[in-house]
Amino acid sequence: MKTWIRRRSIAASAVAVAGVALAGSQALAQTATIAVGAPVTSLDPHYHQLSPNNAVADTIFDKLVNTDAQSRNVPGLATEWRAVEPTVWEFRLRPNVRFHNGNAFTAEDVAFTLQRLPNVPNSPSSFAVYSRPITRVEIVDPLTIRLHTAQPYPLMPLDMTNVRILDKETAENATTEDFNALRAAAGTGPYRAVAHRNGDRIEFERWDGYWGDRAPFQRVNYRMITNDAARTAALLAGDVDLIDQVPTSDLARLRSDNRVRISETVGLRLIFLGLDFQRAANENSPFITDNDGRPLGRNPLRDVRVRRALSMAIDRRAIVDRVMEGAAVPANQFLPQGVFGFVADLPAPAYDPDGAKRLLAEAGYPNGFRIQLNGPNDRYINDARIVQAIGQMWTRIGVRTAVEAQPWTTFVGRAGRQDYSAFLIGWGSNPDGSHPLRNIMATFNSERGWGASNRGRYSNPQVDDLLAQSLTELDEAKRERQVVDAMRIAMQDVGVVPLHIQTNIWASRRNFEHTARNDELTRAQDLRPAAR
Amino acid sequence: MAVYLVRRLMQALLVVLAMSMIVFVGVYAIGDPVEILISPDADQLERERAIRALGLDLPLWQQYLVFLTNALQGDLGRSFVFNEPALKLILQRMPATLELAFGAMFLSILIGLPLGLYAGLRPNSPASKTIMAGSILGFSLPTFWVGLMLIMVFAVQLGWLPSTGRGETCSVLGFIGLQPCNAGLQWSWLTGDGLAHMVMPAVNLALFKISLVIRLTRAGVRETMLMDYVKFARAKGLSASRVTFVHVFKNILIPVVTVVGLELGSTIAFSVVTESVFAWPGMGKLIIDSINVLDRPVIVAYLMIIVLMFITINLVVDLTYSLLDPRVRLESKGT
Amino acid sequence: MSQAVMDGAAPAAPRKDKVETPFRRFVSEFAESKIALGGLIVFTIIALVAIFAPWLAPQNPYDLAQLDIMDGRMEPGTVGGAGFTYWLGTDDQGRDMLSGIMYGLRISLSVGAGSALIACMVGATLGLLAAYAGGRTDTVIMRLVDLQLSFPSILVALMILAFLGKGVMNVVIALVIVEWAYYARTVRGTALVERRREYIEAAQCLALPTHRILFRHLLPNCLPPLIVVATMQVARAIALEATLSFLGLGVPITEPSLGLLIANGYEYMLSGKYWISFYPGIALLVTIVSINLVGDQLRDVLNPRLKK
């Protein structure tokens with residue numbers, strides 16, 4: 001056991017020494033160990049649309065369009081792209097790129113990848129959405145590819161940030177198992193996977209033929225430690241060099257610990273309350289009664305004054321400071337500042353319990369009513385605690401609130417069946433305002449594929465119209481105005497009650513440096529030895 | 001004897017069948033796997049495709065029939081999450097859990113039996129009282145809390161042991177004919193690093209069992225010492241050690257064997273908490289993860305394996321019973 | 001027959017001293033151990049605190065209107081917004097830990113004792129029946145036991161939660177379902193040996209009714225291991241409830257048991273806010289230890305074979 005500690009500290013000081021001696025070229029940097037909180041379920045980059053899988057896929061593979069730490073599009077395997085016609089996108093591909101097995105990257109690989117997306121057997125959540133708008137793939141030359149669509153499609157570059165490119169020769173008949181066993185997992189990314197134990201760890205080695213900046217470590221161990229406290233403990237004990245999903249309860253201590261460095265950025269995930277719009281104004285909502293527990297005979301949530309009152313009654317600052325320990329920003333919309341579709345004139349609602357009481361009285365509820373607020377207890381950061389805190393705040397304006405938090409497995413099904421009157425849920429957006437609009441604020445509609453996560457069934461024709469226009473608008477400035485207008489209308493109508501946008505937090509050992517990403521992905525290439 | 005075994009096997013099959021049915025209905029009642037697995041921004045079309053892909057569009061009884069038909073051919077289904085055969089996933093994780101469970105059982109007997117014997121033979125000595133008080137503490141503390149305390153003290157404060165995870169493994173040839181494990185079973189107790197990683201989880205898991213063995217042994221010893229045949233043996237002038245180890249020991253072994261046998265199964269089945277606190281990549285962690293995402297094929301396969309294991313353990317316990325105590329006859333359970 | 005005379009539940013032989021009833025004898029034997037007596041006293045106090053918590057606690061920790069997150073995670077001894085001192089600090093929701101522990105005791109104790117009692121009754125009856133009747137009855141019951149023991153408690157809990165929803169009663173039901181089989185198996189194991197003894201044969205020869213043989217003759221002789229198991233199961237039930245809560249499957253978050261209080265505070269252990277988890281942990285520990293001390297002594301006193 002003693003030797004074990006010694007070995008660790010030698011490794012650590014070796015890294016430190018390397019940092020001093022070779023500050024410029026970090027050629028000698030050794031091994032880094034990363035511990036992530038959510039298990040990676042597959043190395044097949046098209047099997048399951050899931051953040052942990054995407055993070056690992058982005059380490060091994062590249063996309064035509066990569067994204068930087070703030071989710072802005074940057075050249076990946078494509079060096080430039082533009083709509084050559086309203087319905088044709090042209091991507092010029094990067095020359096001299098090689099896959100981990102030595103094969104050259106060409107347009108054939110892109111065509112093959114797009115064709116594979118909808119054809120991954122047994123996929124519980126496929127990437128088919130990203131190839132569906134494409135009606136035809138045209139290979140102009142080995143380094144130019146054109147994607148034809150039925151209608152003008154402004155989101156093509158954004159979609160391509162989700163498609164990891166495979167080597168046609170290796171992956172042609174490969175199954176998900178072949179990827180998990182590493183036989184097919186050859187990408188063009190900065191690291192290649194050399195070992196994989198399902199749900200436990202993945203080991204990466206630097207790919208020396210990488211087209212971009214050389215990866216800083218020879219070897220990276222990528223471990224999954226799902227227990228929050230255990231993950232923090234592993235960092236403090238020096239077993240791992242970087243952890244993600246730092247529990248907010250450990251944040252204060254880690255910030256003051258000089259062995260630890262925190263990296264953080266405001267994320268893209270909004271925590272909000274969904275409200276029952278399914279029941280008409282003269283129907284009973286399932287978990288709302290009058291103060292004596294009798295049915296109310298109407299659904300107060302269909303009255304915008306009640307919705308506004310419920311929103312104003314929430315002290316978002318207190319939740320952010322006390323429950324989230326500062327690891328969030330109060331919000332009144334889905335996206336943070338700086339992202340496409342951010343509405344500048346929609347500040348977080350001010351805390352105003354007296355105003356809320358007045359609004360309630362105006363709406364005909366001077367003594368409030370009773371409501372049950374539901375939420376998950378294992379899904380979002382501090383979810384059950386936030387639900388309780390809101391219960392306190394609503395009770396104080398006369399809306400007596402019972403609170404129930406349950407595991408996501410049982411919660412999400414019921415929320416999807418409109419079983420609840422009010423519920424807490426979260427949404428991680430793509431960096432484009434049309435994404436939350438289309439999935440959450442748009443009217444539920446199976447043919448258009450809209451409102452699939454609109455669990456409260458909010459519906460507003462104005463929002464739908466603006467969204468429809470924006471989805472075929474190739475002029476980015478015009479498109480952004482449409483998206484912003486739609487979002488403003490939906491939020492002023494309190495279609496959902498936004499609470500806060502989470503901050504994504506990582507903690508590393510002092511001698512490492514990590515670039516925080518707003519898309520929550522923990523990628524091996526974002527970690528490097530600290531500059532001295 | 002052969003008839004008895006065949007009878008038990010038939011019963012085992014019935015149990016497995018009943019259990020798989022219950023799990024099917026149970027998972028169906030808890031929620032919809034697609035709701036949990038699907039990406040939030042998948043549209044309705046994609047949701048329908050996923051439901052079909054996982055075979056969840058069929059009525060429940062048809063899904064069950066499909067499962068049974070495949071199971072009879074040795075295919076327990078593919079994991080929704082990993083898209084790999086459920087059985088393979090479980091067998092991959094099994095060595096980790098087994099070594100942890102056996103490590104814990106080993107510790108509990110190694111520590112529990114002598115302490116219990118001592119406490120039973122000298123019930124009034126201060127040492128015995130300390131042992132008994134310790135045993136009470138042992139099963140008073142919630143496992144997860146002790147686990148975290150162990151990590152806090154031995155990994156974070158003192159830095160003696162690695163905090164979590166499993167160490168280096170060493171491959172030993174797998175069972176012959178067991179295809180999924182063709183790479184060989186990975187054991188970590190054969191390496192120093194592996195052992196260092198194993199110490200805390202094994203102690204954590206063993207704590208409860210140690211207390212149990214201490215108490216059972218002590219209770220047994222105290223009762224047996226008052227038995228006529230022990231008094232007689234002593235009166236005959238047999239040495240104290242002979243009385244203790246031949247007459248007393250043999251008799252207290254029955255309850256100890258029963259419980260230790262039973263507990264081995266439950267240690268394996270319930271190592272969930274220890275495995276999730278220590279990020280130990282065993283079957284317990286797999287099952288809790290699978291329950292969280294309603295990965296039904298894995299849940300069903302896991303439970304079937306556990307049921308088979310339990311039935312085997314029970315059978316062994318019953319057989320041992322009859323060897324240790326001739327008054328219990330196997331035939332008595334037949335007709 | 002000599003065994004039957006030693007049977008604790010059988011009528012005591014007439015004695016010269018008429019004050020000596022079986023109950024008094026039991027009491028005086030129990031009081032022989034000062035530690036056990038101490039355990040009993042502590043347990044009585046704990047039980048009283050639990051029962052009278054609504055009148056003793058400075059705050060109703062289950063009423064969201066009385067909590068304020070601005071008072072969250074205050075150190076022991078801080079005076080909060082409501083004007084009284086949080087002697088044991090507050091948790092993340094601003095819940096007074098002292099009140100929380102008092103109310104938590106109520107839930108933990110009732111869950112532990114309730115489930116153990118019911119599981120014991122169900123399990124012991126079935127175990128006796130299996131051993132005594134043998135044959136098909138035995139087979140069916142023991143296969144049920146196998147079936148039961150093969151279900152991880154977590155899964156049983158999750159299923160019950162899905163069927164019935166979260167709640168104290170549902171946790172009790174889950175614990176009973178998880179634990180009855182232990183009693184059944186233990187009792188059957190002992191009873192298999194006991195039923196071959198002479199006193200049972202004698203009782204059978206006397207043509208005593210089955211239920212009388214089962215509960216008056218067989219059961220008392222199966223008690224010692226049953227009490228060992230029951231003692232451990234009360235402790236185990238409370239700890240299991242804590243574990244279920246730890247995994248997010250136990251009692252509702254707004255009405256925390258001791259286990260849930262510990263689980264809540266567990267996340268704050270590393271950041272130095274020890275009191276959220278520490279004090280409920282101590283309360284849990286003291287409770288379980290006192291129960292076990294009492295159980296230990298009970299076993300020695302009730303065990304017919306330990307009497308000289």
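A: UniProt positions are given here in the numbering used for this structure, feature names are shortened, and annotations may be inferred rather than shown by experiment. An unreviewed UniProt entry carries the annotation "domain: Solute-binding protein family", and this annotation covers residues 74–436 of chain A. The model is predicted: local features need pLDDT of at least 70, side-chain atom pairs count only at pLDDT 80 or more, and totals for chains, interfaces and linings use all residues. Residues are numbered from 1 along each chain as its sequence is written, while chains are lettered from A and ligands numbered from 1 in the order in which they are written.

Within residues 74–436 of chain A, helix accounts for 26% and strand for 26%, and the end C-alpha atoms of the span lie 22 Å apart. Helices (H or I, at least four residues) and strands (E, at least two) are DSSP runs numbered from the N terminus.

The domain assignment (automatic or from a database) divides chain A into domain 1, residues 26–259 + 510–529, and domain 2, residues 268–502. A distance of 32 Å separates the C-alpha centres of domain 1 and domain 2 of chain A. Where the two meet, 15 residues of domain 1 of chain A are in contact (C-beta atoms, placed from the backbone, within 7 Å) with 17 residues of domain 2 of chain A. On the domain 1 side of this contact in chain A, helix α8 (residues 248–256) of chain A supplies the largest share, three residues. That side of domain 1 comprises eight nonpolar, five polar and two charged residues; Ala, Val, Leu, Ile, Met, Phe, Trp, Tyr, Cys and Pro count as nonpolar, Asp, Glu, Lys and Arg as charged, and the others, Gly among them, as polar.

Strand β1 (residues 31–36) of chain A is largely enclosed by the rest of the structure, because five of its six residues are buried. A buried residue has 20 or more other C-beta atoms within 10 Å of its own, an exposed one 12 or fewer, and a partly exposed one a number in between, with C-beta atoms placed from the backbone. Strands pair if DSSP finds at least two bridges between them. β1(A) pairs in the parallel sense with strand β10 (residues 219–224) of chain A over six bridges, and T31(A) has R219(A) in β10(A) as its bridge partner. β1(A) also runs parallel to strand β11 (residues 242–243) of chain A, to which two bridges join it; here A35(A) stands opposite I243(A).

Most residues other than glycine have a negative phi. N122(A) lies in the loop between α3 (107–116) and β6 (134–141) of chain A, and is partly exposed because 19 other C-beta atoms lie within 10 Å. E325(A), also a residue other than glycine, has a positive phi near 50°. Its place is the loop between α10 (316–323) and β14 (328–330) of chain A; E325(A) counts as buried because 20 other C-beta atoms lie within 10 Å.

Finally, chain A contributes 47 residues to its contact with chain B, and chain B contributes 52 residues. On the chain B side, α3(B) gives the most, with seven residues. The residues of that side of chain B comprise 30 nonpolar, eleven polar and eleven charged.
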